[in-house]
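Keep the 3D view open and try each task before you read its solution.

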Amino acid sequence: MSIQVKNIHKGFGTFTALDNVSLDFHSGELVALLGPSGCGKTTLLRIIAGLEQADSGEVILDGEDTSDAHVRDRNVGFVFQHYALFKHMTVFDNVAFGLRMKPRSERPSKAEIAEKVHNLLKLVQLDWLADRFPSQLSGGQRQRIALARALAVEPKVLLLDEPFGALDAKVRKELRRWLRRLHDELHITSIFVTHDQEEALEVADRVVLMNQGKVEQIGSPEEVYQHPATPFVYSFLGSANQFRQDRAVAFARPHEIDIHTTPSHAFHGLDPVPARVVRLMRFGLSTRVELDSLDEPSPQHFEVELGADQAQALSLTEGQLVHLSARQLKVFEQPTVALAS
């Protein structure tokens with residue numbers, strides 16, 4: 001199922017959650033809505049689901065305007081961050097719930113429900129837990145059961161709101177790989193909300209970056225990371241070091257910066273930045289160096305990644321004065337502000 005949102009506007013009092021947002025989601029793709037807290041991504045997801053009403057604009061599912069349709073008429077599956085499983089029901093009964101609630105004319109037989117539930121539990125690799133209760137499961141298992149329950153009613157669209165946000169880092173990493181494999185098998189049009197850049201870049205076919213109720217950039221994970229369209233996108237996707245220029249702002253990734261223990265020549269029109277080593281952190285074959293510029297009263301913070309050979313050759317110590325230059329810079333022109341006459 002394809003999804004279009006056209007000119008969606010949503011406010012809460014004086015706060016604008018979504019400011020004229022228009023997007024196309026292609027049938028069968030997995031899209032991440034990525035951005036900081038308060039950027040509007042969850043509000044947009046809830047409007048697509050029918051759990052929230054837009055102040056203006058349209059939600060079009062497979063060419064049909066469903067802006068005023070009730071959530072139960074949109075054939076959408078929804079998975080929340082905190083599982084929302086029924087604590088008094090077994091895993092089997094949780095997954096069967098949506099099927100049992102269908103109108104009598106559409107409801108499968110008891111045997112058909114049992115077969116479908118067991119197939120879904122096999123799909124999420126938890127068929128051996130059918131008789132357990134949610135309290136007897138780990139967080140990762142509960143989230144997979146929540147996903148199986150959402151899939152039971154055969155939704156045309158699957159919406160996931162921070163699906164792994166309540167889990168620890170190791171489980172989150174395992175589950176996002178699992179979600180990607182599951183999506184490749186099912187090909188349901190899926191949209192998931194996350195503030196985790198790594199999660200979005202690893203799982204999604206396309207990434208929609210949002211900020212302050214607006215869309216900043218849309219593209220494949222590689223496109224948005226390698227070719228950020230705005231300073232916000234560059235700084236939000238991974239670590240970024242900022243260099244100030246006249247009427248422009250320039251960025252470089254930690255691995256794109258060189259540390260000089262003696263003054264060096266200008267590069268890209270920028271003189272090397274004097275800085276002080278604040279902290280050295282060694283992780284296996286790489287070393288992360290945190291530095292502060294010597295600007296007073298507000299020094300700039302920098303992060304630099306060095307290989308083992310580079311770190312050994314420099315022999316840096318905390319408190320040492322050095323100079324920084326960038327081998328590669330992404331420059332964004334700053335808009336000029338006209339002064340009133």
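Two strands count as paired if DSSP finds at least two bridges between them. Keep in mind that the model is a predicted one.

**Exercise 1. Get an overview.**
Find how many helices and strands the protein has, and what share of its residues is buried.

Solution. Start with the secondary structure: there are 9 helices and 18 strands. Next, look at burial: 45% of the 341 residues count as buried. Now the outline: the C-alpha atoms fill a box of roughly 80 × 55 × 30 Å along the principal axes. Last, take the contacts between residues at least 6 apart in sequence: 63% of them link residues at least 24 apart.

**Exercise 2. Trace a sheet.**
Work out the order of the strands in the open sheet of 6 strands, then find the bridge partner of Leu 34 in strand 9.

Solution. Walk across the sheet and you pass the strands in the order 6-7-8-3-9-10, with mixed pairing. At the edges sit strand 6 (76-79) and strand 10 (214-219), each of which pairs on one side only. Neighbouring strands here are turned by 15 degrees against each other on average, ignoring direction.

Now zoom in on strand 3 (residues 30-34) and strand 9 (residues 206-211): they run parallel and are joined by 4 bridges. Follow Leu 34 across to strand 9 and you land on Leu 209, its bridge partner.

Finally, look for helix 4 (residues 139-152). Helix 4 lies across strand 6 and strand 7 (157-161), at about 170 degrees to strand 6.

**Exercise 3. Sort the side chains of a strand.**
Which side chains of strand 16 (residues 301-307) point to the buried face, and which to the other?

Solution. First, the general idea: in a regular strand, side chains alternate between the two faces of the sheet. Then go along strand 16: Phe 302, Val 304 and Leu 306 point to one face and are buried. For the pairing, turn to strand 15 (residues 286-293), which runs antiparallel to strand 16 and is joined to it by 7 bridges. One of the partners to check is His 301 in strand 16, which is bridged to Asp 292.

**Exercise 4. Explore the largest pocket.**
Find which element gives the most residues to the lining of the largest pocket.

Solution. The largest pocket has a volume of about 800 Å³. Of its 24 lining residues, Arg 72, Val 76, Gly 77, Gly 98 and Val 153 are the closest to the centre. Strand 6, helix 2 (91-100) and helix 4 each supply at least two lining residues. Strand 6 gives the most, with 4 residues.

Now stay with helix 2: 7 of its 10 residues are buried, so helix 2 is largely enclosed by the rest of the structure. Among these buried residues are Val 91, Phe 92 and Gly 98. The buried residues of helix 2 pack against helix 3 (110-123) and helix 4.

Methods: Residues are numbered from 1 along each chain as its sequence is written. This is a predicted model: local features need pLDDT of at least 70, side-chain atom pairs count only at pLDDT 80 or more; totals for chains, interfaces and linings use all residues. Side-chain values use heavy atoms; hydrogens and water are left out. Axes are lines fitted to C-alpha atoms, for helices over the stretch in contact, and angles run from 0 to 180 degrees between N-to-C directions. Contact means heavy atoms within 4.5 Å. Buried means under 20% relative accessible area, exposed over 50%, partly exposed in between (1.4 Å probe, protein chains only). On a 1 Å grid over the protein atoms alone, a cavity is a set of points where a 1.4 Å probe fits but cannot get out, and a pocket is an open set with protein on both sides within 12 Å along at least five of seven lines; lining residues have an atom within 4 Å of a point. Grid points are joined across faces, edges and corners, and a volume is the space filled by probe spheres set on the points.
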